[in-house]
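Here is my note on the sheet in chain B. Please read the points with the model open.

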Amino acid sequence: MTLHANPYEPIAARLAEVVDETPTIKTFIFTPDEPIPFVSGQFVQLCLPGIGEAPFTPSSSPREPNRIEITILRTGAVTEALHRLEPGAELGIRGPLGKGYPVDELEGKDILVVGGGVGLAPLRALLYHLFHIRDQVGKIEIKYGARSPEELLFRRQYGQWSVLPGVRFSATVDVPHPQWTGRTGVVTVLLDDIQLDLKSCLVFSCGPGVMFKFVVQKLLELGARPEQIYLSMNRRMSCGIGKCGRCNIGPYYLCKDGPDMNYAKIMGYADVF
Amino acid sequence: MQRTPRLLREDRLSDFLCALPGDHCFVSVETKSGTDYAEYPTSSTALRFHRPTSPIKQFFLPPREHIAAYWGAQGLPEIVPFSLVGLRNCDLLSLRYLDHVFLGGICEDPFYRARRAAAFLVSVDCLPPQKTCFCTAVGGRPYPEGGFDINLSPVDDGYVAVAGSDAGESLLAGLPFLEDAGDHLLGQVEAARSSMVEALAPAAGSVDPDRAARTLAGTEVNRAWEPWAGKCVECGACTAVCPTCHCYYIIDTPGIDPEIQPGAYAKVRTWDSCLLAEYARMAGAGAKLTPRPRLRSRLSNRVLHKYVYSPDQYGMCGCLGCGRCDEACLGGMKIRDMVDAVGSQR
Ligand SMILES: Cc1cc2nc3c(=O)[nH]c(=O)nc-3n(C[C@H](O)[C@H](O)[C@H](O)COP(=O)(O)OP(=O)(O)OC[C@H]3O[C@@H](n4cnc5c(N)ncnc54)[C@H](O)[C@@H]3O)c2cc1C
Ligand code: SF4
Ligand code: FES
């Protein structure tokens, strides 16, 4: 048998650097043996040889296919093993997978980015892309919520983002500590202060399922239409190529048709959130 | 290439089977519990019996196989040419469905592709239907119309053999013991086919896939599924025997033999079932660990995948009317009863 490209075979990659982000989140910087050109929002299957695979969306700029950053929350078997790795470790990467964000539709639009917890990681790849094409898009607002001040991801970058022309950034935490001077409450509290055109903007959101539910509800109340909203849906995945059946919402496979789904497409199906 | 019908006499069947290409030949056989496949030579070849209990997906998607061997590992399956004899039309249609999944979409599955290319398919017209057969209700016919290399239609003296591919035609053309099939034999084939369609008439109206696609849409979490979920024991038998169910899971393992090849790794794929609670369990300890925590949602997802989503995804109904799930269900459920009951409660 001659196998042509085997989509299940990983590309070898070396772990170059590990950055501690929060007590539960680290960013891993990989150098793959072959460049992995991706569009922001596309994901990869990170494969710990002999241990397991899990899907993650790069948090780095799509313009750097030779040096891929992935920001990972420690939460189970594969991610705990990842968090124990030291630079130099060899891993496998399958991808890029999925469609990614609709980057062709951004031109001329105001962009609202709503993240929760580690959900800011995939959105950062989109932000890097947006900052790169800033003169082609309208205003950019970033609303971010984390459980506590220690869990705020990419803290060192908020200052740099906020000073970019046309960019507004605000964050909130569920549980503040005494030194916290920012907003308190879930991320929807930040949606009362939006300075862009909600009737025509595009919204990109990534975070836990419950957050989506409230974010969508609030945005619709504020006058946005489902067609404007893209959600980075989280589902258990295995093949990543639309064949193993695991990640469906109705007839869509999130690994192939998403993971960033237009809300209008999926809102009619049950068990979305 | 012109396709000529030829007569294969019953006493020449074994010569025919021996002439089929490939390193292996699997034929449908009669067993104590029904019909199944066995490697030829066997004394129990059964081409005039009802369809085998097991689906043919096992020959194209083995229940467990290595699909990646890397960093020095060896042991990817060696796929050798083989013949499959005794396929029914619903089996051929199941390949059409699986082709959409594994050869279409964003990329091909190289293992499925290799097995498809390695297989020589010999189908037969159905004779007695299984009690559970309802192919004509979902638009099927009890005789093959395409997708085979050679089809055999049983007649009094043997079989009328017709090629469906160039490979099939050249094989038939090279067999000296085949005879011309005269018009009276072709008449016999037509008559047998009509009487099969008639035998299936009671089942023919038992479900309407177009109507089901409309009435079931949007019922994912409908309470009407509850009584059915109450009967389901979550064994997954239905998904195992369904010829179009194809869910699988990939497991990472150390290589095929870690002692011999340290530092080598492999990925193994195994069949899975969307009915099982763990199927879509996600990470963490969030409020909702799986998108379908209730059995009724998982059951409805399976039935809707057949009748509602598959027409959207692949342009064909995912239920081929073979009735295998009805035979296998430990809860005694019939898929048509579910479709009917839920659809009529809207
Ligand atoms: C498209 C997409 C993008 C994502 N991006 C990110 C991201 O950027 N950052 C981030 O932190 N998270 C991201 N996630 C979530 C991340 O995939 C999960 O947190 C991760 O799968 C958790 O795996 P775990 O093994 O640590 O957790 P567990 O709870 O142990 O496992 C999760 C599931 O994987 C299975 N599994 C675990 N080990 C194995 C094994 N050895 N073999 C087979 N199955 C196994 C488990 O059975 C379980 O059901 C993303 C998810 C998706 C779908
Ligand atoms: S065969 Fe019947 S009992 Fe078993 S999982 Fe399927 S529907 Fe449930
Ligand atoms: S992960 Fe296999 S279909 Fe999406």
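1. Terms first. Two strands pair if DSSP finds at least two bridges between them. Strands (E, at least two residues) and helices (H or I, at least four) are DSSP runs, numbered from the N terminus. This is a predicted model: local features need pLDDT of at least 70, side-chain atom pairs count only at pLDDT 80 or more, and totals for chains, interfaces and linings use all residues. Residues are numbered from 1 along each chain as its sequence is written.

2. Strand 6 (residues 119–124) and strand 7 (residues 150–155) of chain B pair in the parallel sense, over three bridges. B:Val122 faces B:Ile150 of strand 7 there. Helix 4 (residues 110–118) of chain B packs on the sheet and touches strand 5 (82–87) and strand 6. Contact means heavy atoms within 4.5 Å. The helix direction makes about 60° with that of strand 6 of chain B. Axes are lines fitted to C-alpha atoms, for helices over the stretch in contact; angles run from 0 to 180 degrees between N-to-C directions.

3. Strand 7 and strand 8 of chain B run antiparallel, joined by six bridges. They form a hairpin with two residues between them. B:Pro154 has B:Tyr159 as its bridge partner in strand 8.

4. Strand 8 of chain B also pairs with strand 1, antiparallel, over four bridges. B:Arg6 stands opposite B:Ala161 of strand 8.

5. Overall, the open sheet has eight strands, mixed pairing and the order 3-2-5-6-7-8-1-9 in chain B. Its edges are strand 3 (34–39) and strand 9 (179–180) of chain B.

Technical notes:
Chains are lettered from A and ligands numbered from 1 in the order in which they are written. Side-chain values use heavy atoms; hydrogens and water are left out.
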